[in-house]
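Thanks, everyone. Let me put the model up.

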Amino acid sequence: MASPRLVLLVFLLLLVGCSARPLFPLPSRRNDRNRQPLQTFRPYNIAHRGSNGEIPEETTAAYMRAIEEGTDFIETDILASKDGVLICFHDVTLDDTTDIASHKEFSNRKRTYEVQGFNITGYFTVDFTLEELKSLRVKQRYAFRDQQYNGKFSIITFEEFISIALDAPRVVGIYPEIKNPVFINQHVKWSGGKRFEDEFVETLKKYGYRGSYLSKQWLKQPAFIQSFAPTSLIHISNQTDLPKIFLIDDTKTPTQDTNQSFWEITSDEYLDYIKEYVVGIGPWKDTLVIASNNYIQTPTDLVARAHAHNLQVHPYTYRNENKFLHFNFSQDPYNEYDYWINKIGVDGLFTDFTGSLHQYQEWTSPFSSGEQDAYKLLDKIHAMITKFKHT
């Protein structure tokens, strides 16, 4: 009969074994070759902060909903906590999209910092540890959207966001933004003299994200890196060959790191320069087609010039609500999608309503039966080989 000490030792070893990181791939990640691949034959459906038209932004539920609705990429903004953990959150302050105001224990954390040339007062992510941030609950940004999910979801980390994509039943890309890098580098310090951007790239590498656009490795785990800060994109260009997108703000906002004007960064000379580091640009859509009195006017030539420089164009942000739809589209988001995809010729669209964009594209440019048949055949071949190996 085994001694009590031996029984206790076996129990402890089992406990440690169960709690340790698994030595083998998780079951949900072992059959990548059987998962439907990323579509590349039509403009990308980019879930802007998840399906945040329905569920509060940057939450697990919003990203999972976007995947269910057919998104190609889930998009997120990356900031950092006080203790240097990368988190998925859009604003540098917590005021607008969390219940921070109801947490009296944090009432003394309000600060005023300079952010992109403006003094902003609020509760900043960089003044809270990850544990403290996890105690908050996220709420819907816009009062006119569904409020039933307020208070149900927490802030998530960059690593948790990546796991959502890797666990998807098909290949789903990620589209993270290096958010406010100048501000984050001023207030958060990592060991070894690293920068925010270095920590960001190391996280991507840790989970196997690498490869140039449309390479075999990239198609297996697709990712775009985006930023409004050109120096951040240039800084990481020697660290990763993942495709990068240079985000462009409205015509009145200079770049946060180099203080360049909209007109300078959209000139042919600058597009020729930046294409050495990026595969595309992500402009606010109203800078591509100017609106007046809520009617769109004659399109600018920026899309054509970007394409001439072999740069993709992924505008932001498409929203279904009437207040965001120009009168030209008769309050119909499908008319808006048709205009931007078929007349303007963009290569991807950031949308708050993944489902509606997916439905439009399935109706107008469905996944071809030939491609579907090919993937079904590959699945059958793989199943036959697997069966043969085990007989």
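Start with a side-chain pair. The side chains of H326 and N294 make a polar contact of 3.1 Å. By polar contact I mean N or O atoms within 3.5 Å, one able to donate a hydrogen and the other to accept it; residues adjacent in sequence count only if both atoms are side-chain atoms. H326 has another such contact, at 3.3 Å, with the side chain of D286.

A word on the source. This is a predicted model, where local features need pLDDT of at least 70, side-chain atom pairs need 80 or more, and totals for chains, interfaces and linings use all residues. Numbering runs from 1 along each chain as its sequence is written, and side-chain values use heavy atoms, without hydrogens or water.

Where does H326 sit? In the loop between strand 13 (312-313) and helix 13 (333-344). Those are DSSP runs, numbered from the N terminus: helices are H or I, at least four residues, and strands are E, at least two.

Is H326 buried or exposed? Buried, because its relative accessible area is 7%; the cut-off is under 20%, with exposed over 50%, partly exposed in between, and a 1.4 Å probe on protein chains only.

Leave out residues up to four places away in sequence, and H326 touches K285, D286, A291, N294 and I296. Touching means heavy atoms within 4.5 Å. S292 is 34 residues from H326 in sequence, yet 9.4 Å away in space, C-alpha to C-alpha.

Now the lining of the largest pocket. Helix 11 (285-288) supplies at least two residues, and so does strand 2 (73-80). Strand 9 gives the most, 3 residues.
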